[in-house]
Amino acid sequence: MGKILTPQLGFFLVLLCSCIAEAEYMKYKDPKVPVNLRVKDLLSRMTLDEKIGQMVQIERKVASADVMKNYFIGSVLSGGGSVPGPKASAEAWVNMVNDFQKGALSTRLGIPYIYGIDAVHGHNNVYNATIFPHNVGLGVTRDPELVKRIGAATALEVRATGIPYSFAPCIAVCRNPRWGRCYESYSEDHSIVQMMTEIIPGLQGDAPADYPKGFPYVAGKNKVAGCAKHFVGDGGTQKGINENNTLISLKGLLDIHMPAYLDSIKKGVATVMVSYSSWNGVKMHANRNLVTGYLKNKLKFRGFVISDWEGIDRITSPPHANYTYSVLAGVQAGIDMVMVPNNFQEFINDLKSLVTSNVIPMTRIDDAVRRILRVKFIMGLFENPMADLSLVNQIGSPEHRELAREAVRKSLVLLKNGKSAYKPLIPLPKKAPKILVAGSHADNLGYQCGGWTIEWQGVTGNDQTRGTTILTAVKNTVDPSTQVVFNENPDPNFVKSGGFSYAIVVVGERPYAETFGDSNNLTIPEPGPSTIKNVCGAVKCAVVVISGRPVVIQPYLATMEALVAAWLPGTEGQGVADLLFGDYGFTGKLARTGFKSVDQLPMNVGDPHYDPLFPFGFGLTTKSTKGAPMTNAQNDDDNDEYVKYKDENVPTMERVRDLLGRMTLAEKIGQMAQIEQSVATPDVLRDYGIGGVLSGGGDMPRLQATVMDWIDMANDFQNGSLSSRLGIPMLYGIDAVHGHNNVYRATIFPHNVGLGATRQVTALEVRATGIPYVFAPSIAVCRDPRWGRCYESFGEDPKLVQDMTSIIDGLQGLPDRLGAPHVNGLNKVAACAKHYVGDGGTTRGINENDIQIDRHGLLSIHMPAYFNAIIKGVSSIMASSSSWNGIKTHANYELLTKFLKGTLRFRGFVISDWAGIDKITEPERSNYTYSVEASINAGIDMVIVPYNYTDFIDTLTDLVNKDVVPMARIDDAVTRILRVKFSMGLFENPMADYTLIDQVGSQANRDLAREAVRKSLVLLKNGKDEDSPMLPLPKQSDRILVAGTHANNLGYQCGGWTISWQGLTGNNYTAGTTILSAITSAVHPNTEIIYSQNPDPNLVKSSNVSYAIVVVGELPYAESVGDDPDLNIIEPGQTTINNTCGVVRCVVVMITGRPVVIAPYLDNIDALVAAWLPGTEGQGVADVLFGDYGFTGKLPRTWFKTVDQLPMNVGDPNYDPLFPFGFGLATQPVNQDQN
């Protein structure tokens, strides 16, 4: 009899078979299987509908569990302000996310969806979340470790609401602040943006060292998938218009906008979002070459590419005009997931139709889905699809708010502090009878946070989220006895009658996002400007600007005492008060250029027209006063009977004697030391009482340091000096020998060998950087051009050099009485006549060699310029490292003390050259004790140590204690140093002044340098015969040739002592106009210019040029490196002359620091110009070549025929020059405007 199956047993067997089949069907769900195999397995099981569903991201408002299930949706997002409910709790968010996830998991394959949100400065959609400063402020910090911690905190708060995916970071490089998304960018400089990609491992976790490059990485349930956006060039659109066209070459795109994507991919970023913008007319959402060809194929990005909100719709204009085309173009370009976000059915239907009709290949769909699944598997979404409630306490946690407060402190930039630098307003005193807080942004948390906060466009008021307004922070910080009055927009009478000690004005932009933020005028909206005027016109005020970018501030700058750029600081306003009241010091440096007017825009650091109000990298610093008493305790020197030397009404010498009488031996000897900036610190200056600091050639605060960097450094050192017992200010010195030549973008004038104009403006540019002392002028009389410092000499004739000492009047100002050292105010500098004496007359022109000349010769040739310098009140004189008849000048008592100080009655101080006393012995420093003794007793007052200052101080102290060096000699030295410091007002104005920052490289100064170039050029030959002059050159020709190593090399054009001690090569180290650029600007637009550094004769012959300009000369050099027994033009200069001038009519422009061998080439040359070392303003050369001005210069040096004639100077018995001293052909200006 057969067995009969009961219904129950049949059901059990069916279930068992189903379970077995299911077990065989779950390979992709096994976490032990490698990710790529899991992806492959799952992909092979998916239908077209399931694949397309994974490519769809929809808005939460149209999502539901049924929608997720029925359409296999791969992702959901919250747009800006899209929340489960008003002030929704973390639990409400988790419940919503989980509800959608249940729908996704109920599908046939159970593929979890991924929820994304714009957590761009914290979890900014969520009530009570920590809102960090926007990226524009974080870039200021230049602190990648800080942003990594912010990323980690943001990840925790996002995960606390059940969300595993953040559309951050934005790594745009904003090149125009008119763009409404500029605050989402870290900087205008891609290197800072690259640095800030460290937020990615904060969000996602650190990928292991051996992790495959290009693959996405997310480290578990406490981390989120990140999204680098917006690929690529979104920050470079025309006129800063959002979603506009970025017009830039491929090289520019790769150099500026692409680098941060390379860093992001290296760090395992999970996704990349495409930009709405276009590149050279092609919409990025449809740009297959960049999205697939470059991002996916070239950079090997293995995460998924996501569109922006309705990004594919905007491929057409108007948006959505041809949606089928938009779907085709977007997906074919390489977009993997499309943020639909509402009309998802239309997208699904169109994409399916395009695939089934073979317009879009299945391989493209599989690539997209493979990438999406890869991210989901890597981040553990299959293992942990449901949101976890364990992190809800992370939302707005005290630890995160403290981190945000730290970020605020580091992101603020102090742009002004006091009407002058030595009277700062900040830190503000916490204890004051009454203070005023004013402004629309002082008590408005919404304004403080900006756009993308709670709502897409931001909010106003204090009830939309939780945090600390700046007003509340001020009240929390000041002393309990201080009355804080708040008036949002007070009228002037209220302020004047209020009896306020000071005011804090907080104004700025209203919140905005994206296109709503685009602005052509970038003005602070009213009543902000009125509040500034009403308050700051009546009481001392600090203005805090809350903005997403630099705004127009120059019209109000003079009114305010202090200015702070606070950007969009977020919820933790206490961080602002931390800095205003000195609990922490300001450290932030601008990551964006502060413009003067919007007409300058776009303007970014490195641009040729760069002329900022506050340059990139600028930021004043302050020190923390936390823990200091409410009022500063003064030392006993502030008693009326004890501060005579501090009374500016007391005659200088009485002040000197009073101060000298109070000084210890250690304090006196400290004043005699000048140390190099690289070993200087505030502590060193305080502890050793150091009298001077210097920057050697090429030494600077940092590469391409800004004016503000220099000021910060000088003030930092000065603070150390002023904190010493007697508060004696230090004197900062620098070799400003042909302009402020150590400083980036300064005006570089012609070197002395070519200089025919005075240089008053050098003092302004030096003072602009906070430096009050220059080691200039060199008043050497160069008697042999083989000397490597000959270009530092004005000429071979003593009378000419005497005339040029008028530069001292320009540097220091005119003296009140002849012979007394003086400096006329804050716009002038102390000068230094150098190198005393005879340094230009050494044997065979060898630097620092012996001068063999009798006393009469020394006094008649090398000494006269010193007579003039002393009469003009020169502040200091530097001793020469050379010898006179075998005696080192640094040890020559007869010359230094008896003649200079005795006979000439010099009252300033004598300073050594760099390590000059070391060179008294041979070998150098072989008997340092003797060197110190010999130099000080000879009459050296201040010693450039520059590094081993403790050796010098200890040695000199020992010599004085043993009476080897008498105390009278020490007192004489210090008296002279103090006399100069008092006479220049250093005790009254010790701190660097910021009022002159616009002087560095100003147009007026560059115009003067251009004039100096014109006047310094000497025309040595003009035509093969007198009847056929070649110059002036015609501006209009069919074609001209410019050739030579020096035609397009700003470094060569400037020579030694430019940025670096030995000079440099190329055009990247400072700003100026090369001769090639000047020629290009000067000629008619129809004239074709061919440039070849060293053309061969065939090129010259075949080019059919009307004429050629050949620019050749010497390489840059300084001091002994420039000593040259041959004086040849460097190759290929000689070859270039022969190849060019032997074929076509040519003018040769010589860029040299002295006469060089030219006779062998002279016959081939039609015209010859000695341009010397003209500096940055090459336009002056073109001015005379093309006849806008005439040649007027006359040789300050004899031009020899051969070096065998040297030394040969005017008046010598053997005088037989190629071109004599004083020679120079003249031309008349011509009007070529008709050309």
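The side chain of T1152 has a polar atom 2.8 Å from the backbone oxygen of R1154. A polar contact here is a pair of N or O atoms within 3.5 Å; within protein, one atom must be able to donate a hydrogen and the other to accept it, and residues adjacent in sequence count only if both atoms are side-chain atoms. The model is predicted, so that local features need pLDDT of at least 70 and side-chain atom pairs count only at pLDDT 80 or more, while totals for chains, interfaces and linings use all residues. Residues are numbered from 1 along each chain as its sequence is written, and side-chain values use heavy atoms, with hydrogens and water left out.

**The loop residue T1152**

T1152 belongs to the loop between strand 33 and strand 34. Helices (H or I, at least four residues) and strands (E, at least two) are DSSP runs, numbered from the N terminus. With a relative accessible area of 1%, T1152 is buried; buried means under 20% relative accessible area, exposed over 50%, and partly exposed in between, for a 1.4 Å probe and protein chains only. Apart from neighbours within four places in sequence, T1152 is in contact (heavy atoms within 4.5 Å) with G1113, E1114, W1172 and L1173.

Strand 33 covers residues 1146-1151, and six of its six residues are buried, so the strand is largely enclosed by the rest of the structure. C1146, V1148 and M1150 point one way from the strand, whereas V1147, V1149 and I1151 point the other way.

Two strands pair if DSSP finds at least two bridges between them. Strand 32 (residues 1108-1113) runs parallel to strand 33 and is joined to it by six bridges; in this pairing A1108 stands opposite C1146. Strand 34 (residues 1167-1170) also pairs with strand 33 in the parallel sense, over four bridges, and A1167 of strand 34 is the bridge partner of V1147.

Helix 40 (residues 1133-1141) forms a right-handed β-α-β unit together with strand 32 and strand 33. A crossover is right-handed if, with the strands pointing away from the viewer, the path from the first strand over the helix to the second runs clockwise.

**Disulfides**

A disulfide is a covalent bond between the sulfur atoms of two cysteines. Counted as pairs of cysteine sulfur atoms within 2.5 Å, the disulfides number four. In sequence order of the bonded cysteines of the protein chain, the pairing is 1-2, 3-4, 5-6, 7-8.

| Cysteines | S to S distance | Torsion about S-S | Handedness |
|---|---|---|---|
| C174 and C182 | 2.1 Å | about -105° | left-handed |
| C536 and C541 | 2.0 Å | 105° | right-handed |
| C1141 and C1146 | 1.9 Å | about 110° | right-handed |

C174 and C182 are buried, as are C536 and C541.

C832 is in no disulfide, and the nearest cysteine sulfur, that of C782, is 19 Å away. At 0% relative accessibility, C832 is also buried. C1054 likewise takes part in no disulfide; the nearest cysteine sulfur, that of C790, lies 19 Å away. The relative accessible area of C1054 is 1%, and this residue therefore counts as buried.
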